[in-house]
Amino acid sequence: MASKENYQVAVDILRCHLGMSLEEAHKELGIDQVTKTSATETQELLIGLNQDN
């Protein structure tokens with residue numbers, strides 16, 4: 001399994017610029033789902049707040 005840190009920038013680009021979900025971005029990159037860290041959970045909450053506006 002690939003290290004999450006190695007793919008974080010690619011995941012962020014897919015999510016922010018192409019509007020993919022975390023799961024879609026991981027599938028697109030061909031990486032396994034990784035256990036979320038508290039930082040990732042916080043980022044997802046902030047992304048969710050931003051999309052409501």
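**Figure 1. Order of the elements in the predicted chain.** From the N terminus on, the elements of the protein chain run α-α-α, and the secondary structure comes to 3 helices and 0 strands, where helices (H or I, at least four residues) and strands (E, at least two) are DSSP runs numbered from the N terminus. This is a predicted model, in which local features need pLDDT of at least 70 and side-chain atom pairs count only at pLDDT 80 or more, whereas totals for chains, interfaces and linings use all residues. Residues are numbered from 1 along each chain as its sequence is written, and side-chain values use heavy atoms, with hydrogens and water left out. The protein chain averages a pLDDT (the predictor's confidence in each residue, from 0 to 100) of 76, and 68% of the residues score at least 70. Among the elements, helix 2 has the highest mean pLDDT (89) and helix 3 (residues 38-52) the lowest (69).

**Figure 2. The two faces of helix 2.** Within helix 2 (residues 22-29), Leu22, Ala25 and His26 are buried, buried meaning under 20% relative accessible area, exposed over 50% and partly exposed in between (1.4 Å probe, protein chains only). These residues lie on the same side of helix 2 because they cover an arc of only 100 degrees around the axis, the arc being that of the directions from the helix axis to the C-beta atoms. An α-helix has 3.6 residues a turn, so residues three or four places apart point the same way. The exposed residues Lys27 and Glu28 are carried on the face of helix 2 turned away from its buried side. After helix 2 comes Gly30, whose phi is positive, near 70 degrees.

**Figure 3. The largest nonpolar core.** Val11, Leu14, Leu22, Ala25 and Ile31 are the 5 residues of the largest nonpolar core, a set of buried Ala, Val, Leu, Ile, Met, Phe, Trp, Tyr and Cys residues joined through side-chain atoms within 4.5 Å. Helix 1 and helix 2 each supply at least two residues of this core. Leaving aside its neighbours within four places in sequence, Ala25 is in contact (heavy atoms within 4.5 Å) with Val11, Leu14, Arg15 and Met20.

**Figure 4. The surroundings of Arg15.** Arg15, placed in helix 1 (residues 4-18), is buried, with a relative accessible area of 15%. Not counting residues up to four places away in sequence, Arg15 touches Met20, Ser21, Leu22, Ala25, Glu44 and Ile47. For the setting of this view, 19% of the 53 residues of the protein chain count as buried.
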